[in-house]
Amino acid sequence: MRRTALILVAATCLTLTACNGAPADQPSQAVAPAAASAATMDEAAPLAVSTSSASMAGTCQAQIGDAAAQRLVERCLAVSPATHPPCNAQNTCEIIQGEIDRACALYGPDETKPKECAA
């Protein structure tokens, strides 16, 4: 019984040491950089998630209009083998066209490319 208790205490100490466990009254040093990082992210967050008209100017819809952007998205979806392709009118037209170009380049010289590659 004494040996089991000693092994459990040793295992607990090793686990706490490996996890950089600190006493409750002394915060771990790893907390400070994480807090600083979170503050930096909070400052940048409004820019990244802004849905104002200024941020919409970079969308494909804003660049070429709704109908043309939708046609580009449909071409992208038709040729892209990606499971989550960037075929979304909220992306820039360059990103969507880049995915079309990438997908069409996957076809070999002896293979017939889809008609969407030629458009």
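C87 is found in the loop between α5 and α6, where helices (H or I, at least four residues) and strands (E, at least two) are DSSP runs, numbered from the N terminus. This is a predicted model, in which local features need pLDDT of at least 70 and side-chain atom pairs count only at pLDDT 80 or more, while totals for chains, interfaces and linings use all residues. Residues are numbered from 1 along each chain as its sequence is written, and side-chain values use heavy atoms, with hydrogens and water left out.

With a relative accessible area of 9%, C87 is buried; buried means under 20% relative accessible area, exposed means over 50%, and partly exposed lies in between (1.4 Å probe, protein chains only). Not counting residues up to four places away in sequence, C87 touches V73, C76, L77, S80 and E99, a contact being heavy atoms within 4.5 Å. V73 lies 14 residues from C87 in sequence, yet their C-alpha atoms are 5.1 Å apart in space. The C-alpha atoms of C87 and G98, 11 residues apart along the chain, are separated by 9.9 Å; G98 is found in helix α6 and counts as partly exposed, at 34% relative accessibility.

## Packing of α5 against α6

Two packed helices are described by the angle between their axes and the distance between the axes. For helix α5 (residues 66–79) and helix α6 (residues 93–105), the axes come within 9 Å and cross at roughly 30°; axes are lines fitted to C-alpha atoms, for helices over the stretch in contact, and angles run from 0 to 180 degrees between N-to-C directions. The two helices α5 and α6 are therefore roughly parallel to each other, given that angles under 35 degrees count as roughly parallel, over 145 as roughly antiparallel, 65 to 115 as roughly perpendicular and the rest as oblique.

On the α5 side the contact is made by L72, V73, R75, C76 and V79, and on the α6 side by C93, I96, Q97, E99, I100, A103 and C104. These residues divide into nine nonpolar, one polar and two charged, where Ala, Val, Leu, Ile, Met, Phe, Trp, Tyr, Cys and Pro count as nonpolar, Asp, Glu, Lys and Arg as charged, and the others, Gly among them, as polar.

One salt bridge is found in a search of the whole structure, the term meaning a side-chain nitrogen of Lys or Arg within 4 Å of a carboxyl oxygen of Asp or Glu. The side chains of E99 and R102 meet in a salt bridge at 2.8 Å, N to O. Both residues, E99 and R102, lie in helix α6, three residues apart, about one turn of the helix. E99 is buried, with a relative accessible area of 8%, whereas R102 is partly exposed, at 38%.

## The chain as a whole

The chain has seven helices and zero strands. Of its 119 residues, 17% count as buried.
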